[in-house]
Amino acid sequence: MMLFASFYGVASVQQENGTRLVTEFLLVGFSSLPHLRTTLFTLFFLTYLVTLGGNITIVTIIHTDRLLHTPMYRFLAVLSLSETCYTLVTIPNMLAHLLMESQAISIPGCRAQMFFFLGLGCSQCFLLTLMGYDRYVAICHPLRYSMIMRPTVCLCLGTLVFCSGFLVALIETSMIFSSPFCRGDRVEHFFCDIAPVLKLSCAESTHKALGIFFLSVLVVLISFVLILLSYAFIVAAIVRIPSAADRRKAFSTCAAHVTVVLVHFGCASIVYLRPESGANPDQDHLVAVFYTVVTPLLNPVVYTLRNKEVRVALGRTLARNPGVFK
């Protein structure tokens, strides 16, 4: 026989042996800063609007400007669309919890949020790797570029990127949610991240945490090493270009991508390449705010400020349709 009970204000089920299994989580988030809720809501909401506007603008420009219908900018449009979905997974829920008294989230809802968050995050790692490969082919094999990066190949590679990313997410979320939760209901975070949820599991989580850690290392390390290899060949090819103007032009096509890679992989390494990620909740919250709120904003900013073709295309689009972004 099982009895339903209240556990720290969140629903739980009590088994015959007295163990209480949690059926909902309580996202602690910013509950320790009640006096800053309105300020945080305003700040995050405005940042979110700018992020959505920036990424949608990039997608719109690339879609409408035929000069940007190349693999490089198609991948950029997919990255912007992915960043938009990435923010939709966590930020609206976080904003709602900043306004509401209830901070509860169901276990299926928590699992879905974690699955899409990890799936999109891993897919972005693989997509940035693919974008690095695209730059390698464009600079090191310019005469064969159109043949190697033809539309069907790009479509297959893009599909592989997202299938791989969500496969990793499926494995990790299945490992985390394979056993019930009975060590409390308080998730020390503002969304369902790996470490704070895993430590609430009834089962011994050491082996799970180690498996997830090594899988995360593989995703981040393999992606980053492949990007480094691409840029090693790119640099070797660029230094052989006789014209200084051509060398600068070649480097400029990679600058925005390098900036986004450093930010993305830097945050991923800080958060997921530590075995004890949940040891310091305050530090984790700060880093999480950066990679869930600030990093998606950097993508449109970096690619519009550091990419001349995007800036020129934006100017052309505004000139043709002066009211399109009003």
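Which residues does Thr 87 touch, not counting residues up to four places away in sequence?

Figure 1. The model shown is predicted: local features need pLDDT of at least 70, side-chain atom pairs count only at pLDDT 80 or more, and totals for chains, interfaces and linings use all residues. Residues are numbered from 1 along each chain as its sequence is written, and side-chain values use heavy atoms, with hydrogens and water left out. Thr 87 belongs to helix α2; helices (H or I, at least four residues) and strands (E, at least two) are DSSP runs numbered from the N terminus. Thr 87 touches Tyr 48, Thr 51, Leu 52, Pro 92, Thr 292 and Pro 296, leaving out residues up to four places away in sequence; contact means heavy atoms within 4.5 Å. Thr 87 counts as buried because its relative accessibility is 0% (buried, under 20% relative accessible area; exposed, over 50%; partly exposed, in between; 1.4 Å probe, protein chains only).

**Figure 2. Span and bend of helix α2.** Helix α2 (residues 71–99) has 29 residues, and the distance from its first C-alpha to its last is 42 Å, close to the expected 42 Å. The expected span is 1.5 Å times one less than the number of residues. At Leu 88, α2 bends by about 35°, and Pro 92 follows within four residues. The bend at a residue is the angle between axes fitted to the seven residues ending there and the seven starting there.

Figure 3. The structure holds 14 aromatic pairs, in which rings of Phe, Tyr and Trp (its six-membered ring) have centres within 6.5 Å; planes under 30 degrees apart count as stacked, over 60 as edge-to-face and the rest as tilted. Phe 115 and Phe 166 form a tilted pair, with 5.5 Å centre to centre and 50° between the planes. This pair links distant parts of the chain, 51 residues apart: Phe 115 lies in helix α3 (residues 107–140) and Phe 166 in helix α5 (residues 151–176). Phe 115 counts as partly exposed because its relative accessibility is 22%. The ring centres of Tyr 136 and Phe 233 are 5.7 Å apart with planes at 55°, so this pair is also tilted. Because Tyr 136 lies in helix α3 and Phe 233 in helix α7 (residues 206–238), the pair ties together parts 97 residues apart in sequence.

**Figure 4. Nonpolar cores.** A nonpolar core is a set of buried Ala, Val, Leu, Ile, Met, Phe, Trp, Tyr and Cys residues joined through side-chain atoms within 4.5 Å. In the largest core, of 45 residues, Leu 76, Leu 128, Met 131 and Tyr 303 touch the most other members. Helix α3 supplies the largest share of this core, 10 residues. Another core, of 40 residues, lies apart from it and includes Leu 27, Leu 95, Ile 176 and Leu 198.

**Figure 5. Strand pairing around β4.** Strands β4 (residues 24–27) and β5 (residues 104–106) pair in the antiparallel sense over three bridges, with Phe 25 opposite Ile 105 in β5. Strand β4 also pairs with strand β6 (residues 186–187), in the parallel sense over two bridges, and Leu 27 stands opposite Val 187 in β6. Two strands pair if DSSP finds at least two bridges between them.
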